[in-house]
Amino acid sequence: MIKELPNIAVLGATGVVGREILKVLTENNTPYKSIKFLASARSAGSKIEFKGQEYTVIETTPEVFDGIDIVLASAGGSTSLKYAPEAAKRGCVFIDNSSAFRMEKDVPLVIAGVNDEDLRKHNGIIANPNCSTSQLMLVLKPLHDYAKIKRMIVSTYQAVSGAGLKAINELKESTPVILSGGKYEPVAFKKQIAFNVIPQIDSFVENGYTKEEMKVTNETRKILHLEPDTPISCTAVRVPVFNGHSEAVTIQFEKELTPEKARELLENAWGVEVVDNPDEYEYPTPALASGKNPVYAGRIRKDIALDNAISLFCVADNLRIGAALNTVRLAEKVIEMGLY
Ligand code: A2P
């Protein structure tokens with residue numbers, strides 16, 4: 001039996017990721033029966049233009065989820081904690097961008113095209129991984145399927161767009177001030193972001209890592225169904241780039257994997273584009289990836305510090321694959337698989 005198309009709602013429609021979700025819904029022509037735009041009381045009543053039509057933003061309350069089948073949510077952890085269980089209780093599938101439910105046992109953590117089958121286990125909430133984890137998964141999946149990951153070391157170079165509108169504005173405003181020798185008191189970040197890099201994203205935890213770094217460790221293990229103690233170490237760094245996260249990754253494998261084979265696997269991988277011709281200065285950069293859907297992989301080489309390991313550099317639009325694009329793709333999978 002073919003299901004009726006879903007009634008969908010975008011929660012956090014007025015935010016940076018919410019607006020990107022609207023763009024992706026338009027580009028993908030995602031099918032739905034009806035659509036609603038939800039935010040806080042602050043922007044309730046304001047107007048949103050979507051596919052040539054004007055919609056009024058609705059204040060989020062538990063009752064607003066009655067009659068909705070799928071929620072695409074990007075309104076922060078506390079909003080998700082408050083509304084996801086309410087939405088699920090009312091029969092919605094709540095696709096959540098926040099970290100609130102990612103590590104819950106009965107909440108699938110999914111990158112479309114990587115572990116779609118996990119969606120079948122949902123109980124009303126589906127979690128979208130952290131942006132740094134997300135782009136890595138599309139690159140790691142084909143390599144792991146072939147050679148099995150043994151350990152991994154990642155360093156991230158993360159754009160300010162991942163920290164929201166205030167952070168984007170701080171980079172914009174502080175750059176000319178510092179360039180002309182002035183002083184700028186940081187607000188969105190703990191340190192100056194213009195002409196600087198900051199080795200802290202989110203707060204520190206007991207083991208000396210940050211929450212952002214531990215998300216990469218824990219979420220990677222969950223999505224790829226690795227052993228719970230597979231060694232994965234991440235250093236997450238904020239850099240003065242507007243959009244597009246970069247990651248330097250070293251992966252050690254159980255089985256032999258040559259750089260040539262890794263390149264071939266990635267060339268054939270869904271959602272990945274290989275840009276790897278160093279002689280011609282061709283490798284991925286955030287400027288290349290921003291506004292695009294693929295994860296770009298390059299600098300693929302045999303690592304010289306670890307046995308049977310590959311080092312590579314991957315870059316993606318963090319607002320897209322790291323947030324809005326995967327959220328929309330997950331909604332499309334839920335529709336395709338009839339899981340609403
Ligand atoms: P609003 O515009 O009404 O504040 P960003 O991360 O870019 O700041 O976006 C956050 C998004 O989450 C915005 O759409 C914001 O709506 C929404 N939001 C924040 N708090 C709540 C809340 N308590 N209930 C519903 N939506 C919220």
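Author: Two strands pair if DSSP finds at least two bridges between them. Keep that in mind for what follows, and note that this is a predicted model.

Reader: Okay, so over how many bridges do β1 and β6 pair?
Author: Strand β1 covers residues 7-11, and its pairing with β6 is in the parallel sense. Within that pairing, Val-10 stands opposite Leu-72 of β6. Two bridges would be enough to call the strands paired, and for β1 and β6 the count is four.

Reader: And on the β7 side, what is the bridge partner of Leu-72?
Author: β6 also pairs with β7, which spans residues 93-96. That pairing is parallel too, over four bridges. Look along β7 for the residue that bridges to Leu-72, and you land on Ile-95.

Reader: Which are the edge strands of that open sheet?
Author: The sheet has six strands with parallel pairing, in the order β5-β2-β1-β6-β7-β8. An edge strand here pairs on one side only. That description picks out β5 (58-59) and β8.

Reader: Is Asn-128 buried or exposed?
Author: Asn-128 sits in the loop that links β8 (125-127) to α3 (131-147). Beyond its neighbours within four places in sequence, Asn-128 is in contact with a list of residues including Asp-96, Arg-102, Gly-322 and Leu-330. Its relative accessible area is 0%, and since the cut-off is under 20%, Asn-128 counts as buried.

Reader: What about the β3 and β4 hairpin: which residue there takes a positive phi?
Author: β3 (residues 47-50) and β4 (residues 53-56) run antiparallel, joined by four bridges. Lys-47, for one, has Thr-56 as its bridge partner. Most residues other than glycine have a negative phi. The hairpin has two residues between its strands, and the one with a positive phi near 50° is Lys-51.

Reader: Where does His-225 lie, given its positive phi?
Author: His-225 is not a glycine, yet its phi is about 55°. It is exposed because its relative accessible area is 53%, and the cut-off is over 50%. As for its place, His-225 lies in the loop between α5 (211-223) and β10 (232-238).

Reader: Zooming out, what is the radius of gyration of the protein?
Author: The protein contains eight helices and 14 strands, and its C-alpha atoms fill a box of roughly 60 × 55 × 40 Å along the principal axes. For 340 residues, a compact globule would come out near 20 Å, so the protein agrees with that rule at 20 Å.

Reader: How far apart do the centres of the positive and negative side chains lie?
Author: There are 39 positive side chains and 43 negative ones in the protein.

Notes:
Residues are numbered from 1 along each chain as its sequence is written. This is a predicted model: local features need pLDDT of at least 70, side-chain atom pairs count only at pLDDT 80 or more; totals for chains, interfaces and linings use all residues. Side-chain values use heavy atoms; hydrogens and water are left out. The radius of gyration is taken over C-alpha atoms; the globule rule is 2.2 Å times the number of residues to the power 0.38. Lys and Arg count as positive and Asp and Glu as negative; His and the chain ends are not counted. The place of a charge is taken as NZ of Lys, CZ of Arg, CG of Asp or CD of Glu. Buried means under 20% relative accessible area, exposed over 50%, partly exposed in between (1.4 Å probe, protein chains only). Contact means heavy atoms within 4.5 Å.
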